[in-house]
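Visitor: I am new to this structure. Could you walk me through it?

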Amino acid sequence: MADQARWLLIVEKAYRGSVETRYADALYVVPELHRQSGGCDLVLRGPAAGYALTTDFTPELRIGGRTLASLPDPAASVTRVLAAGVTVMVEEDGLTALGRTARDRLLPGVRVIEGGALASRWPAYEQVWFL
Amino acid sequence: MPRPVPPTDVLLNLHGAPHQTDLVTSALRLATALLDRGARVQIWVCGDATRLTGAALGDTTPRDLSDPGREHPSVARVIRDLITDHPDRLYWYVCRFCADQRGAAEQIPEVRKRSLFVYAEHVRAAGKTLFMGVC
Amino acid sequence: MTDHLLIETGGPQTGPACERFVGDAVRLAGDGHRVVLFLVENGVTAALPGASPAVETLLRDGGELWVDTFSAAQRALPAADLLPACRMVEMDEVAAELLEPRVRAVWH
């Protein structure tokens, strides 16, 4: 994790709506928080570990006669967060719970950490938030 | 004079809140699938889900700051088009009390506000009722 | 006998609520009713091997397990990682089941 990170953001509650949420998913604000804070680390815990996996999911859905092509795309969101310079970690137990091949499908750049182990580093952060 | 409730094959009760789970998406997917099969559908909405069709949402979402040139239809617009595309087969009812309580009294004109006191009439007018989520 | 379509949206991450609901499905199946358990939204994680003992009991007792294709893909869960007995379905199939007069549906 980056030494300069000041805020620790933990995302655990995952998949919080699609049609009403669209591009503004749970990670949408993270690059901006990273910029404003001087550095954020992001941890994906529990069900949110799935955000860190590659998938053949097409973020598209037909509602009546309209096709919505801007549903939340978790893997794309994590990629965008990584590109902004945020260190992204995923807890191993969350990853393991997502099936036998989950570990093999981790997005490049995401680090695997022991579940709960980061708590011992909480005092080093200015802020610790469940986002 | 109370208006009779048009008979439908299915009543979907949408009670869970938006932006918390994929309940709204599931309800709209299921409604689409039912309509595709030629069914008549009514949707009764309570709680925070009454905001889905609030007039204040307008036709488009706020701009995506990472892609400001692209417009996205609001969820209210998506629902409005779903209703207008299925005349006499899809009815969207909003609980008046819940909408008032949530500050969503102003609704898009395609939905109908109803009192909770007539709720059972809607259940009786449906061949089947599915109760989705809790307020 | 009544056919039942039970719809689980939360999955094991919601704690005992999921197991209790699947337990309802097990009881109905044990009473001789046809039971389809449809997993959708976060509920699809209950189809992972070992995730829900009640789901595996339901399958042993003759219940059917349907998993929403869209929700599984959205959660990066390939069908090959799920219980072999589950059937991946589209919402159209659920709509058809719901429209069957003999079927009672319960959403959880």
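## A first tour

Visitor: What share of the residues in chain B is buried?
Guide: Welcome! Please keep in mind that this is a predicted model. A residue counts as buried if 20 or more other C-beta atoms lie within 10 Å of its own. Of the 135 residues in chain B, the buried share is 50%.

Visitor: In what pattern do the elements of chain B follow one another along the sequence?
Guide: Let us begin with what there is to arrange: chain B holds 4 helices and 5 strands. Read along the sequence, they give the pattern β-α-β-α-β-α-β-α-β.

Visitor: What radius of gyration does chain B have?
Guide: For 135 residues, a compact globule would come out near 14 Å. The C-alpha atoms of chain B fill a box of roughly 50 × 35 × 25 Å along the principal axes. The radius of gyration of chain B agrees with the globule value, at 15 Å.

Visitor: Which element of chain B gives the most to the side that touches chain A?
Guide: The contact takes 20 residues from chain B and 17 residues from chain A. On the chain B side, the elements giving two or more residues are helix 1 (23-36) and helix 2 (75-84). With 6 residues, the one that gives the most is helix 1 of chain B.

Visitor: How do helix 1 of chain B and helix 4 of chain C lie to each other, roughly parallel or roughly perpendicular?
Guide: Their axes are 8 Å apart, and the helices pack at an angle of about 70 degrees. Angles of 65 to 115 degrees count as roughly perpendicular. Helix 1 of chain B and helix 4 of chain C are therefore roughly perpendicular.

Visitor: How many residues in the contact of helix 1 of chain B with helix 4 of chain C are charged?
Guide: Helix 1 of chain B brings Arg29(B), Leu30(B), Ala33(B), Leu34(B) and Asp36(B), while helix 4 of chain C brings Met91(C), Asp92(C), Val94(C) and Ala95(C). These divide into 6 nonpolar and no polar residues, and the charged ones number 3.

Visitor: And how many helices and strands does chain A have?
Guide: From the N terminus on, the elements of chain A run β-α-β-β-β-α-β-α-β-β. That makes 3 helices and 7 strands.

Visitor: What percentage of the contacts in chain A with a separation of 6 or more joins residues 24 or more positions apart?
Guide: Chain A has 131 residues, and 45% of them are buried. Its C-alpha trace spans about 50 × 35 × 20 Å along the principal axes. Among contacts in chain A with a separation of 6 or more, residues 24 or more positions apart account for 75%.

Key:
Residues are numbered from 1 along each chain as its sequence is written. Chains are lettered from A and ligands numbered from 1 in the order in which they are written. This is a predicted model: local features need pLDDT of at least 70, side-chain atom pairs count only at pLDDT 80 or more; totals for chains, interfaces and linings use all residues. The radius of gyration is taken over C-alpha atoms; the globule rule is 2.2 Å times the number of residues to the power 0.38. A residue is buried if 20 or more other C-beta atoms lie within 10 Å of its own, exposed if 12 or fewer, and partly exposed in between; C-beta atoms are placed from the backbone. Two residues are in contact if their C-beta atoms, placed from the backbone, lie within 7 Å. Axes are lines fitted to C-alpha atoms, for helices over the stretch in contact, and angles run from 0 to 180 degrees between N-to-C directions. Angles under 35 degrees count as roughly parallel, over 145 as roughly antiparallel, 65 to 115 as roughly perpendicular and the rest as oblique. Ala, Val, Leu, Ile, Met, Phe, Trp, Tyr, Cys and Pro count as nonpolar, Asp, Glu, Lys and Arg as charged, and the others, Gly among them, as polar.
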